[in-house]
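Work through the exercises below with the structure in view. Try each task before reading its solution.

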Amino acid sequence: MYDTIGIWVGALFTLAIYSFLYKENPVYRLAEHLVVGISMGYIIVLIYNTVILPKLLEPIFGGNHWLLIIPGLLGLLYITRFIPSIAWLSRYPIAFVMGTGMGIGFPLTMKAYVLRQLEAAVIPLYSSGMPWHEVLGNIVMIFGTLAALIYFFFSKPHKGLFFGTGSKIGIWVIMLGFGATFGFTVMGRISLLIGRIQYLMGDWLHIIE
Amino acid sequence: MRKNWIGIPAIMILLLLPSLSVAQGDDEILTPVDDNLSATVADNSVTPDETELRPAAGEQLEEPDPGLDIPGIVTVQNKPNDAGDQLIVSFEPAVNSEGIVTYNIYRHIAEEEGEDTWNLVKIVLAINPPEFIDGYDPEYPIEPGVLYEYRVASVNADGDEFFGPVCTAEVVSKGEWFHTDKTRVLIAGLLFILLIFYYFGKAQRGTKMYLRPIAGIEAIDEAIGRATEMGKPILYVPGISTISDVATIASITILGRVAKKIAEYQTRLIVPNYDPIVYTVAEEVVKQAYLEAGRPDSYDPDSVFFMTQSQFAYVAGVNGIMMRDKPATNFYLGMFYAESLILAETGSLSGAIQIAGTDAVTQLPFFITTCDYTLIGEELYAASAYLGHEPKQIGAVKGQDACKAIIMSLITLALVLGILDLVANTHTLNWLRDLVTVSIVE
């Protein structure tokens with residue numbers, strides 16, 4: 001019984017959201033407002049059950065981890081935004097989050113996006129026994145990386161043989177990469193659409209198995 | 001003496017009885033009496049007292065598992081370069097691995113007593129090396145300075161456990177102040193920071209620095225002007241990532257510049273937010289921008305608002321705004337995921353001029369195909385310097401260019417060394433690879 005109601009609700013709201021493809025309409029608006037409101041309510045409960053309760057309240061009151069009161073109070077400072085006279089206090093948790101975020105992010109970014117990428121580009125073009133297509137791949141990768149880096153030079157005019165031609169090749173390489181990514185992602189999206197159609201045709205209408 | 005001679009054949013007959021009974025056919029089978037079989041059963045030293053004859057019940061019964069060989073002692077080492085929350089645990093696997101599927105490793109604090117104090121901290125497949133790093137499971141963390149005891153059980157396909165000895169760890173976990181595997185990251189980071197500060201200082205001293213034009217950034221002013229002329233609002237979407245994301249920070253900086261211009265032009269701004277912390281920062285930035293523009297009274301507290309933290313609910317809400325309020329200009333700057341195409345496609349349908357910018361490689365193609373201008377990757381980071389025309393920020397962009405020049409030089413050097421190795425049969429490229437290689441797992 002409840003399953004059937006769930007399937008009907010899911011199917012009708014799917015159609016309500018898809019109705020946007022025709023134009024913005026009251027049915028879509030109803031679905032939009034419901035999904036925004038319900039998702040927010042759901043997330044509040046989820047965060048309470050997965051963060052506030054097990055990581056703050058239980059350790060403080062159940063495990064005597066009194067130091068956790070400090071981050072708890074820091075978090076509560078966000079609520080001061082509702083009181084204009086002391087709203088400035090909410091800047092402390094913001095500053096803390098931004099500072100720690102940057103501090104943690106910097107070495108990770110340096111490692112993942114600079115050093116590991118550099119390491120992947122420091123390879124020989126050819127070594128004995130390497131098949132020709134691998135050699136070609138290495139050539140494209142090394143020269144493509146150099147050309148793309150030239151494109152992202154902001155303090156030099158893109159003119160002349162090095163910066164002019166280099167950046168032109170660079171943007172071609174970037175666009176070719178984006179083309180491949182586009183195709184790959186579209187394939188993923190099509191599978192999502194197929195999944196939804198299967199839900200409508202199978203679970204709801206029972207037209208397909 | 002005579003009694004002994006009589007006893008020998010009697011014992012032999014008793015020993016032979018079980019094998020004779022098996023040889024007679026499938027009707028009877030030997031079943032050990034004792035359920036708790038030990039290794040003594042496996043080594044064929046079964047005595048007649050330990051077995052009994054039991055008739056089969058119609059079908060052939062399999063010989064029950066005679067028990068598994070147990071693992072040996074457990075060795076524990078302190079893991080270097082950690083915060084004192086990990087231990088390297090290794091154990092001697094069972095000599096006879098027959099029938100063993102996994103090893104279950106249990107741990108408890110050395111002073112604790114009772115069977116329920118043991119926590120299963122790792123399951124190691126029998127085919128894998130008999131070691132692991134303990135402390136990864138947040139359910140059972142390793143506390144620095146605490147002495148632990150370990151025991152390992154051999155586990156068969158039915159899940160029966162046969163425990164080895166309880167071993168007390170020789171060491172306790174200890175944290176280090178410096179992660180030696182990250183030295184290269186530190187050096188690279190310091191080098192890059194120094195370069196940026198060098199150009200930063202240079203710009204502050206008044207050195208003129210060139211920045212090449214970027215179409216997407218130059219179009220921002222034009223897009224704000226268009227919205228003002230049309231009397232329609234401007235929609236600014238700061239992405240759906242957290243404030244720690246570099247793209248979000250770049251987006252918030254650009255929002256400040258854009259909001260200042262909007263305040264000057266007296267145009268309406270709409271900033272729906274996905275993340276509550278980004279929302280609070282965005283609100284502060286917009287408020288500050290209106291103040292800097294000399295129009296604090298024009299600031300509308302409802303212009304920056306929190307929508308929801310559910311990805312597609314957020315998209316549905318923003319799409320609704322696009323179709324109802326019909327903004328003349330849409331900015332999508334920050335970190336985006338699967339929602340990028342839905343947002344940009346709806347914006348395109350609503351007839352807005354669209355400027356997007358992200359460093360999400362998988363989403364950039366969608367923005368490129370649906371938006372009028374797209375800031376690709378680092379162009380987004382540089383945008384705030386372009387918009388502000390502040391010498392300090394332009395210096396920072398110049399510093400980043402110098403960092404890119406170093407990376408390009410290293411790749412070119414690798415190319416030359418690779419060719420040299422090929423021609424002269426040397427191994428110079430390995431030296432460079434070692435120089436730039438950083439460990440994957442820390």
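**Exercise 1.** In this predicted model, find which residues of helix 2 of chain A are buried, and state what they pack against.

Solution. Step one is the cut-off: a residue is buried if 20 or more other C-beta atoms lie within 10 Å of its own. Applied to helix 2 of chain A, this selects Tyr28(A), Ala31(A), Glu32(A), Val35(A), Val36(A) and Ser39(A). Step two is to look for their partners. These buried residues pack against helix 1 (2–18) of chain A, together with helix 7 (311–325) of chain B.

**Exercise 2.** Check the length of helix 2 of chain A against its number of residues.

Solution. Helix 2 covers residues 26–63, which is 38 residues. The expected span is 1.5 Å times one less than the number of residues, so the helix should span 56 Å. Its end C-alpha atoms are 51 Å apart, which agrees.

**Exercise 3.** Where does helix 2 of chain A kink, and which residue just after the helix has a positive phi?

Solution. Follow the helix to Leu53(A), where there is a kink of about 50 degrees. Continue past the end of the helix to Asn64(A), whose phi is positive, at about 55 degrees.

**Exercise 4.** Compare the radius of gyration of chain A with that of a compact globule.

Solution. Start from the 209 residues: a compact globule of this length would have a radius of gyration near 17 Å. Chain A has 27 Å. Then take the burial count: buried residues make up 13% of the chain.

Note on methods. Residues numbered from 1 in each chain as written. Chains lettered and ligands numbered in written order. Predicted model: local features only at pLDDT ≥ 70, side-chain atom pairs only at ≥ 80, totals over all residues. Rg over C-alpha atoms; globule rule 2.2 N^0.38 Å. Buried ≥ 20, exposed ≤ 12 C-beta atoms within 10 Å, placed from the backbone. Helix = DSSP H or I, 4+ residues; strand = E, 2+ residues; numbered from the N terminus. Bend = angle between axes of the 7 residues up to and from the residue. Contact = placed C-beta atoms within 7 Å.
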